[in-house]
Amino acid sequence: MRPSQRKKSAGLLLIASFLWGSSFVGSKICLNAGLFPFETVFYRMAIGTALIAVIFHKRLRHLSKRTVLVGILLGIITSGIYTFEMYGISMTETTKASFLTSTNIVMMPFLTAAFFHTRLHLRLLLAALTAMAGVWLLGGGPNGFSFAFGEVLLLFTAFLYAMNSITVAKLGVRISPVPMTFLQLLTTTVYTGMMTFFQGRCGNYPPRAIGAVLFLAVGPTLICFLIKNYAIQHLTPIQCTLILATEGIFCSVLSVILLQEPVTVQMCAAVLLILAGILIEQLGEVLQTGSVEGP
């Protein structure tokens, strides 16, 4: 793999990380305006699917069987992600939600070892324990750790995020990211559309909510999924997860600025521990191989 492709993919993932970090704020704005969880996801997915169909219609004329199967499988996983994530966000603080979903960073080494038959190093266990200590602080820490139902949903969301990356790396190699992303978003649109039918619609859409939905459709949906499905073909799942874990930092800054959420010393310590876990994994790879290598 050419270094230029890896650098380009890493740079694009940083952009996606910022957009995904901002998606927690956008989703919170929609929920606070009265939109239902499935309704919010359906609108962003439907708009994103329509945009990719219009912009890249020439690339969608001939779809291979493998592309269709992988795209639909990714759509099923994505449907699960947004089902658990939207309900989890509605039950907890935005900053905590972002960091809980970022715990896929500690899940990825174990899943990579299982699916790619690689050895699990002790440094990965140390990285996992360090980052999980940060999660412990976010959940209450020494003041009384409590894991509410919303936090459990967000942890399962983190697992599905990790499985999404594993699926692309395992099955999506040498598949064009455009048709794969289109089918992924289309499948999610169909699922959330059916769930919206049963759950109902808000019926009242203030300008702030409309703006948030449009932003979610273009940025965290269309652009981010295209970037990730492209980048993971040039990086490893662990590398992608490490870079995307920075979304928690972007989310924290945006939450404080836009949602006026408080920043505490305990929260800052949790952030540092999670970042320390990321650095332990990253530096361990560099010291061992001279570069970050994947499965």
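Leaving aside its neighbours within four places in sequence, which residues is I89 in contact with? I'll come back to that in a moment, after a word on what we are looking at.

This is a predicted model, where local features need pLDDT of at least 70, side-chain atom pairs count only at pLDDT 80 or more, and totals for chains, interfaces and linings use all residues. Residues are numbered from 1 along each chain as its sequence is written, and side-chain values use heavy atoms, with hydrogens and water left out.

Let's start with the whole chain. You'll find 12 helices and zero strands; both are DSSP runs numbered from the N terminus, helices being H or I with at least four residues and strands being E with at least two. Of the 295 residues, 54% are buried. Buried means under 20% relative accessible area, exposed means over 50%, and partly exposed is in between, using a 1.4 Å probe and protein chains only. The accessible surface of the chain is about 13100 Å², and 72% of that belongs to carbon and sulfur atoms; these areas come from the Shrake-Rupley method with a 1.4 Å probe, and for residues only the protein chains shown count as cover.

Now, contact here means heavy atoms within 4.5 Å. Among the chain's contacts with a separation of 6 or more, 91% are between residues 24 or more positions apart.

Back to the opening question. I89 sits in helix α3, and its partners, leaving aside neighbours within four places in sequence, are F24, S27, K28, L31, A97 and L154. I89 counts as buried because its relative accessible area is 1%.

Next, the inside. A nonpolar core is a set of buried Ala, Val, Leu, Ile, Met, Phe, Trp, Tyr and Cys residues joined through side-chain atoms within 4.5 Å. The largest one here has 30 residues, and those with the most contacts inside it are L13, A16, W20, M45, Y82, M180 and F225. Several helices give two or more residues to this core, including α1 (3–32), α2 (37–55), α3 (65–90) and α8 (177–199). The largest share, six residues, comes from α1. Take Y82 as an example: beyond its neighbours within four places in sequence, Y82 touches W20, V41, R44, M45, P220 and F225. There is also a second, separate core of 14 residues, with M108, M163, I166 and I238 among them.

How do α2 and α8 meet? Their axes come within 8 Å and cross at roughly 145°, where axes are lines fitted to C-alpha atoms, for helices over the stretch in contact, and angles run from 0 to 180 degrees between N-to-C directions.

E151 lies in helix α7 and, leaving aside neighbours within four places in sequence, is in contact with T92, K96 and L100.

Finally, two loop residues. H117 is in the loop between α5 (104–116) and α6 (122–138), and R174 is in the loop between α7 and α8. Neither is a glycine, but phi is positive in each, near 55° for H117 and about 65° for R174. H117 counts as exposed because its relative accessibility is 69%, and R174 is exposed as well, with a relative accessible area of 75%.
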